[in-house]
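Thanks for coming. I will go through one chain today, starting with a single residue and then moving out to the whole. Please have the model open on your screens.

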Amino acid sequence: MLNDNRYARVSDLEPMEADMKETRQYLHAHPELSREETETARFVAEKLEAWGYEVTRNVGGHGVVACLTNGSGKKSIGIRADMDALPILEETGLPYASKTPGKMHACGHDGHTAVLLGAAEYLAKTRHFDGTVTLIFQPAEENGKPSGAQQMIADGLFDRFPIDAIFGLHNHPGAAEGAFLLRSGPMMASSDTVKMTIKGKGGHASRPHLTIDPVVIACNLVVALQTVVSRNIDPTQTAVVTVGTIHAGEAVNVIPEYAKLALSVRCFKPGIRDVLQARITKLADAIVEGFGATIDIDYEHGYPVVVNSEAETVFARTVAEELVGAENVSTCNLIPGSEDFAYFLEHKPGTFLRLGNGVNSSTLHSSKYDFADGSLTVGAAMWARLAERFLQA
C-alpha cells in the first residue's frame, strides 16, 4: 500500500463519513425513476455548485455534468455515477426507507451518487491535481433504450466535456464491504430482447386437424431454442438464451390464432452476439414454416458488452491496491447482467469496477436491498485518489 500523503487515503475521507451517509440515506428515501430524476438532479447540482464546480444541467435529460479545473494540466478524467431508482415496493423496514410507494433504490444508485459526491467535495477542498475533473451524474440507467448514457452521448457529452478516460463503479453484493473487483476486457454481458409472434389458424379444440396450432409450435420452438447455445457456441465461451414469457389463448376449448414468446439473450462477445441472432431467427423461421404457420420476429439489441480497457483497468487496480491493500482487490468474474456504461466505453477508454456491498447483502433489484454505508468512504477515497493519480501535479 502506498502511504504517499499527496494522494487521498480512506482516513482522509472518514471525517466526511457522516455527511455522506446522510446524503445517501436522503437519496434512498426520495427515489425517482428513470427520466423522472428532477429533484435528484437538482440536489446533486446544488451541492456541486456550492463546492465551486462549473455545473451543466439537463445533459441528455436530467443529466448533470460538473467540471473542476486546477493548475495548467491538459488532461481530463471522467467519473460517472447513475442516479435513477426502480419501480419496486420497498420492504426493508429501514427508518430511511422510500417515502414513495412503489419506487425504491433497489440497485444502489443512491450509494453510487453519494460516493461520487463525497469525492467531489474532497477534491474541491484539496485540489491536489493538475488538470480537469469531469463528474458525470447520469439519469435513466435502468431505462433500457434509449438509456441515459445514450442520451448524454447524443447530447454531445464528449464534445462538450472532453475527457481522456472514463471510470465508473457498481456495488457488488456478495463481496466484502470496501473490497474492489476489476476485470480487463469483457466484464458484463450484452442484453438483447427478442419478441416473437407465431400466427397459426385457430379453431375448436375438438377439431385440431382443421387448425394450425400455435401453442404446439411455440412449445417445439422453446425446446429447440435450448440447443442454440449448446450446439452453436464454443463451449469455452458463455451465452444465455432464456424464454422468459409465453402467452397464447384464453379458453380451454379454443385453439388460438396466435402465440407470443419473449426471449432474453446475453453474451460477452460481439461476434457471438451475431451468431446468436442468426441462429435464433433462422431456427424460429424454419420450425414455424415447417408447421405451416408464419412468424414475426422483433430482435432488439439492448446494452452492449461492457469491455474494459487494459491500461485503465491496470491503473485502477494499482490505485485500489494502494488504497486498501492487494488482499482486498480481486479479479471480477464475468457478470451476465448488463450495464449502459458500455456505451461510454465504446467512445472512450476506461474501466467499470465493482465495490463490495457486504457478503450477506440482499441481491440487486430486491425489495430488501440496501446500499452498504460502510463502503461510502472507501468508494469516495477511490475516486479521489484515482483522479489525483490520473492528473498528477
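Start at His365, which sits in the loop between strand E16 (350–356) and helix H12 (376–390). His365 has a phi near 65 degrees, a positive value in a residue other than glycine. Its relative accessible area is 41%, so His365 is partly exposed. On that scale, buried means under 20% relative accessible area, exposed means over 50%, and partly exposed is in between, with a 1.4 Å probe and protein chains only.

Before going further, a word on the source. This is a predicted model, in which local features need pLDDT of at least 70 and side-chain atom pairs count only at pLDDT 80 or more, while totals for chains, interfaces and linings use all residues. Residues are numbered from 1 along each chain as its sequence is written, and side-chain values use heavy atoms, with hydrogens and water left out.

Contact means heavy atoms within 4.5 Å. Glu142 itself lies in the loop between strand E4 (131–138) and helix H5 (148–154), and is partly exposed at a relative accessible area of 22%.

Asn58 is not a glycine either, and its phi is about 60 degrees. Asn58 belongs to strand E1 (residues 54–59), and at 54% relative accessibility it counts as exposed.

Is Leu27 buried or exposed? At 4% relative accessibility, Leu27 counts as buried. Leu27 is in helix H2 (residues 17–29). Leaving out residues up to four places away in sequence, Leu27 touches Thr40, Phe43, His105, Asp110, Thr113 and Ala114. For Thr113, 86 residues from Leu27 along the chain, the C-alpha separation is 8.6 Å.

Val252 is in the loop between strand E10 (239–248) and strand E11 (254–255). Its relative accessibility is 84%, so Val252 counts as exposed. The C-alpha atoms of Val252 and Ala205 are 7.6 Å apart, and the two residues are 47 apart along the chain.

Now the whole chain. It is divided into domain 1 (10–188 + 305–391) and domain 2 (190–302), with bounds from an automatic or database domain assignment. The contact between them takes 11 residues from domain 1 and 10 residues from domain 2. The C-alpha centres of the two domains lie 38 Å apart.

How many helices and strands are there in the chain? There are 12 helices and 16 strands. The radius of gyration is 24 Å, close to the 21 Å that the globule rule gives for 393 residues, so the chain is as compact as a globular protein of that length. That radius is taken over C-alpha atoms, and the rule is 2.2 Å times the number of residues to the power 0.38. Along the principal axes, the C-alpha atoms fill a box of roughly 80 × 45 × 40 Å. Buried residues make up 53% of the 393.

That is where I will stop.

Key:
Helix = DSSP H or I, 4+ residues; strand = E, 2+ residues; numbered from the N terminus.
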